Amino acid sequence: MRKTMLVMVMVLFTSSVAFADGAAVYQKCKGCHGAEGKGLAAMAGSDLSKGLSPDAAKNLADGKGKMPAFGKSLKAEEQKEVLEYVKGLKK
Ligand code: HEC
């Protein structure tokens, strides 16, 4: 019984961590920003691999031009995680 509880707690813990995983959230962004963050040639501003502007977090939450707003569909934690992930793509 105690073992079962422990396993359940571990499963809950790992799945909540996976949920806030930037790489997983980034799946929603790939279509416009590309797997490596280089963006699409046809979409101005979609190259994130050269670094982010100081307004990047705001642009993610509120949208900008063709960039959809993610302030409502992503939790604050997910926005933070995905921004960290994007920064990691920077070459
Ligand atoms: C429909 C296409 C599209 C999707 C989907 C999309 N983006 Fe964007 N994104 C853009 C475009 C185009 C820009 C440039 C906007 C501009 O500057 O006019 C942009 C800009 C941004 C910026 C601002 C960069 C800066 O330096 O200010 C961030 C951050 C960003 N996107 C992250 C994301 C993340 C994270 C996701 C997924 C959760 C995502 N985008 C999904 C098209 C998209």
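**Figure 1. Overview of the chain.** Read along the sequence, the protein runs through the pattern α-α-α-α-α, and its secondary structure amounts to five helices and zero strands. The structure shown is a predicted model, with a mean pLDDT of 87 for the protein and with 82% of its residues reaching 70 or more. Of the 91 residues in the protein, 10% are buried. When contacts between residues at least 6 apart in sequence are considered, 46% of them join residues at least 24 apart.

**Figure 2. Confidence along the helices.** Among the elements of the protein, the lowest mean pLDDT, 62, belongs to helix α1, which covers residues 2-19, whereas the highest, 98, belongs to α4. Where pLDDT is low, the predicted coordinates should not be read in detail.

**Figure 3. The shell around the ligand.** The ligand is surrounded by 24 residues, and the closest of these are C29, C32, G45, G65 and M67. Three helices, α3 (30-33), α4 (56-62) and α5 (76-89), each supply at least two residues of this shell. By residue class, the shell around the ligand divides into 13 nonpolar, seven polar and four charged residues.

Figure 4. Helix α5 has 14 residues and reaches 20 Å from its first C-alpha to its last, which is close to the 20 Å expected at 1.5 Å a residue. The buried residues of α5 are E81, V82 and V86. The buried residues of α5 pack against α2 (22-25), while the face of α5 turned away from its buried side carries the exposed residues A76, E77, E84 and G88.

**Figure 5. G45 in the loop between α3 and α4.** G45, which is one of the residues closest to the ligand, is found in the loop between α3 and α4. Although G45 and H33 lie 12 residues apart along the chain, their C-alpha atoms are separated by 9.2 Å.

Figure 6. Leaving aside residues up to four places away in sequence, L52 touches V86 and K87. Of these two partners, V86 is one of the buried residues of α5, and L52 and V86 are 8.6 Å apart in space, C-alpha to C-alpha, while being 34 residues apart in sequence.

**Figure 7. S49 and G88.** S49 has its place in the loop between α3 and α4, and with 14 C-beta neighbours inside 10 Å it counts as partly exposed. S49 and G88 are 39 residues apart in sequence, yet 8.7 Å separates them in space, C-alpha to C-alpha. G88 is one of the exposed residues carried by the face of α5 that is turned away from its buried side.

How values were computed: Residues are numbered from 1 along each chain as its sequence is written. This is a predicted model: local features need pLDDT of at least 70, side-chain atom pairs count only at pLDDT 80 or more; totals for chains, interfaces and linings use all residues. A residue is near a molecule or strand if its C-beta atom, placed from the backbone, lies within 6 Å of it. Helices (H or I, at least four residues) and strands (E, at least two) are DSSP runs, numbered from the N terminus. Ala, Val, Leu, Ile, Met, Phe, Trp, Tyr, Cys and Pro count as nonpolar, Asp, Glu, Lys and Arg as charged, and the others, Gly among them, as polar. A residue is buried if 20 or more other C-beta atoms lie within 10 Å of its own, exposed if 12 or fewer, and partly exposed in between; C-beta atoms are placed from the backbone. Two residues are in contact if their C-beta atoms, placed from the backbone, lie within 7 Å. The expected span of a helix is 1.5 Å times one less than its number of residues. pLDDT is the predictor's confidence in each residue, from 0 to 100.
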